[in-house]
Amino acid sequence: MATLGETPAQLHVESPSSDTGRDYAERELQNFLVKNPDTLGIPDATVVASEYQTKVGRIDLLVRSGMHTLWVVELKAGMAGRDAIGQIMSYIGAVRDEYPDKDVWGLLAATDFDESFFAAYRAIGDVELKKVRIQYVLEQAAPINSHIVHLPKQS
């Protein structure tokens, strides 16, 4: 288990046991955020751990902001429903139990949120919402036909 004093260079991102398209997208987003925590929009964000094990389950990312604030970051590559609220709130509670001297907040990033999610979300606080937009860019690796050798025509 990571400690709050570790730096991002000491992190190890564990691969999920399954490799569905959704798991792959979440893992790629997680890897990106470990390398680019500023994109979370959390002031002075430092990733403490990826796949941080609590007594209630694994948190996608545990992020420190300053000396006294921790963020539980949960990632959903698909639609987040009301179960996502219960999941992140249980993680927040577990981290608060583990670090009672810290302020603990949550950030849930998902492709979208369904109506049941918002019904549950209105009943709680402490969780910031972000929509995930994944963009793939294809870059030219070599000019077209660069590997073809043109031989002179024989008569």
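Trainee: Which strands does H2 lie across, and at about what angle does it run to S3?
Mentor: In this predicted model, helix H2 lies across S1, S2, S3, S4 and S5, and its direction is at about 160° to that of S3.

Trainee: How many residues does H2 have, and how far does it reach?
Mentor: H2 covers residues 82-98, which is 17 residues, and from its first C-alpha to its last it reaches 25 Å, close to the 24 Å expected at 1.5 Å a residue.

Trainee: Which of its residues are buried?
Mentor: The buried residues in H2 are Ala-84, Ile-85, Ile-88, Tyr-91, Ile-92, Ala-94 and Val-95. An α-helix has 3.6 residues a turn, so residues three or four places apart point the same way.

Trainee: And what covers them?
Mentor: The cover includes strands S1 (45-54), S2 (57-65), S3 (69-80), S4 (103-113) and S5 (127-131), together with helix H3 (115-121).

Trainee: Switching to the sheet, what is the strand order?
Mentor: The sheet is open, with five strands in the order S1-S2-S3-S4-S5 and mixed pairing. S1 and S5 each have a single partner strand because they stand at the edges, so one side of each is left without a neighbour in the sheet. From one strand to the next, the twist averages 30°.

Trainee: In which sense do S4 and S5 pair, parallel or antiparallel?
Mentor: S4 and S5 pair in the parallel sense, over five bridges, and Val-127 in S5 is the residue that Gly-106 stands opposite.

Trainee: What about the largest nonpolar core, which residues touch the most other members?
Mentor: That core has 21 residues, and those touching the most other members are Leu-62, Val-72, Ala-80, Val-95, Leu-108 and Phe-117. Two or more residues come from each of S1, S2, S3, H2 and S4, with H2 giving the most, six residues.

Trainee: Which residues is Val-72 in contact with, leaving aside its neighbours within four places in sequence?
Mentor: Val-72 is in contact with Ile-88, Tyr-91, Ile-92 and Val-95, as well as with Ile-59, Leu-61, Leu-62, Val-104, Trp-105, Gly-106 and Leu-107. Apart from this core lies another, of 15 residues, among them Val-47, Leu-75, Ala-109 and Val-132.

Trainee: Zooming out, what pattern does the chain follow along the sequence?
Mentor: The chain has three helices and five strands, and read along the sequence they follow α-β-β-β-α-β-α-β. Of the 155 residues, 38% count as buried, while the chain exposes about 9700 Å², of which carbon and sulfur atoms supply 53%.

Terms used:
Residues numbered from 1 in each chain as written. Predicted model: local features only at pLDDT ≥ 70, side-chain atom pairs only at ≥ 80, totals over all residues. Heavy atoms only, no water. Helix = DSSP H or I, 4+ residues; strand = E, 2+ residues; numbered from the N terminus. Expected span 1.5 Å × (residues − 1). Buried < 20%, exposed > 50% of the residue type's maximum accessible area, 1.4 Å probe, protein only. Contact = heavy atoms within 4.5 Å. Areas by Shrake-Rupley, 256 points an atom, 1.4 Å probe, with all protein chains shown as cover. Core = buried A, V, L, I, M, F, W, Y, C linked by side-chain atoms within 4.5 Å. Pairing = 2+ DSSP bridges. Axes fitted to C-alpha atoms, helices over the stretch in contact; angles between N-to-C directions.
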